[in-house]
Amino acid sequence: MKFGFDIDDTLINLREHAFHIYNRKLNQNIGLDVFQALTTMEIHDAFGLTKEEGGKLWQSLRDDIYYSDCAPFPHAREILHELVKQGHEVYYITARAKEHTERTREWLIQNGFPVAEGHFYCGMSDSEKVHIIEDLKLDYYFDDKPNVLETLSQLPVKAYVKDRSYNQHLNLPRITSWDQLWEELKS
């Protein structure tokens, strides 16, 4: 089978990682309860920043956010390795900007994710992900972003939402933890 995975906030806890960086950079101590209550993907509201100010801060901290010690979600790497071990194909499909393609791929490898040649896609818009997913004829696809998941309804792929505070309105199968995926696949 072919499995596709978004990276940010699907396999790695990027927004929470960025939230901690914002706290340090802005010399604030906003609690995780505020983060966990956010109903939007953007985190700037929690810090009293406008959308423009938040965008500028994210851009200025992008390397720290993307390429430092952002933690994978528990069991994410192990599940992907097990899928590969069992002969399944694992693809990564991320909308990170094209200029981050090589560094993101290398970061995944350095952080223990199984990345096969030709199984990494980066630098497309959210709406373009659907074409890659369709072209690859994926059996399963996992993402956190409502805009992406809502575009997949016409495809035969089994789409799952990685449970986050901002995607509660989606009526799709949910993955709350990666060990849950393993249990679902075994049944």
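Okay, let's start at the pocket: α1 (14-25) and α3 each supply at least two residues to the lining of the largest pocket. Helices here are DSSP runs of H or I with at least four residues, strands are runs of E with at least two, and both are numbered from the N terminus. Before I go on, this is a predicted model, so local features need pLDDT of at least 70 and side-chain atom pairs count only at pLDDT 80 or more, while totals for chains, interfaces and linings use all residues. Residues are numbered from 1 along each chain as its sequence is written, and side-chain values use heavy atoms, with hydrogens and water left out.

Back to the pocket. Its volume is about 630 Å³. By pocket I mean, on a 1 Å grid over the protein atoms alone, an open set of points where a 1.4 Å probe fits, with protein on both sides within 12 Å along at least five of seven lines; a lining residue has an atom within 4 Å of a point. The volume is the space filled by probe spheres set on those points, which are joined across faces, edges and corners.

Which helix gives the largest share of that lining? That's α3, with seven residues. In total 26 residues line the pocket, and Met 41, Glu 42, Trp 58, Tyr 66 and Lys 145 lie nearest its centre. Sorted by class, the lining has 13 charged, eight nonpolar and five polar residues. For that count, Asp, Glu, Lys and Arg are charged; Ala, Val, Leu, Ile, Met, Phe, Trp, Tyr, Cys and Pro are nonpolar; the others, Gly among them, are polar.

Now the inside. The largest nonpolar core has 43 residues, and the ones with the most contacts within it are Phe 5, Ile 65, Tyr 92, Phe 113, Phe 142 and Trp 178. Helix α3, residues 51-67, gives the most to this core, with six residues. A core here is a set of buried Ala, Val, Leu, Ile, Met, Phe, Trp, Tyr and Cys residues joined through side-chain atoms within 4.5 Å. Buried means under 20% relative accessible area, exposed means over 50%, and partly exposed is in between, with a 1.4 Å probe and protein chains only. There's also a second, separate core of 17 residues, which includes Ile 93, Ile 132, Leu 152 and Leu 170.

Let's stay with Ile 65 for a moment. Leaving out residues up to four places away in sequence, Ile 65 touches Leu 14, His 17, Ala 18, Ile 21, Tyr 22, Trp 58 and Cys 70. Touching, or contact, means heavy atoms within 4.5 Å.

Two of those partners deserve a look. His 17 sits in helix α1 and counts as buried, at 10% relative accessibility. His 17 and Asp 69 are 52 residues apart along the chain, yet their C-alpha atoms are separated by 8.3 Å. With neighbours within four places set aside, Cys 70 is in contact with Ile 12, Asn 13, Leu 14, His 17, Ile 65 and Trp 107.

That Trp 107 takes us to α5. Thr 101, Thr 104, Arg 105, Trp 107 and Leu 108 are the buried ones I'd point to there. They cover an arc of only 160° around the axis, so they are on the same side of α5; the arc is that of the directions from the helix axis to the C-beta atoms. As background, an α-helix has 3.6 residues a turn, so residues three or four places apart point the same way. On the other side of α5, Glu 102 and Gln 110 are exposed. And what covers the buried residues? The cover includes α3, β2 and β3.

Helix α6, residues 129-136, has buried residues too: Lys 129, Val 130, Ile 132, Ile 133 and Leu 136. These cover an arc of only 165°, which puts them on the same side of α6. Their cover includes β1, β2, β3, β4 and α7.

Last stop, the loops. Asn 27, between α1 and α2, has a positive phi near 50° in a residue other than glycine, and is exposed at 74% relative accessible area. His 75, between α3 and α4, also has a positive phi, near 75°, and is partly exposed at 39%.
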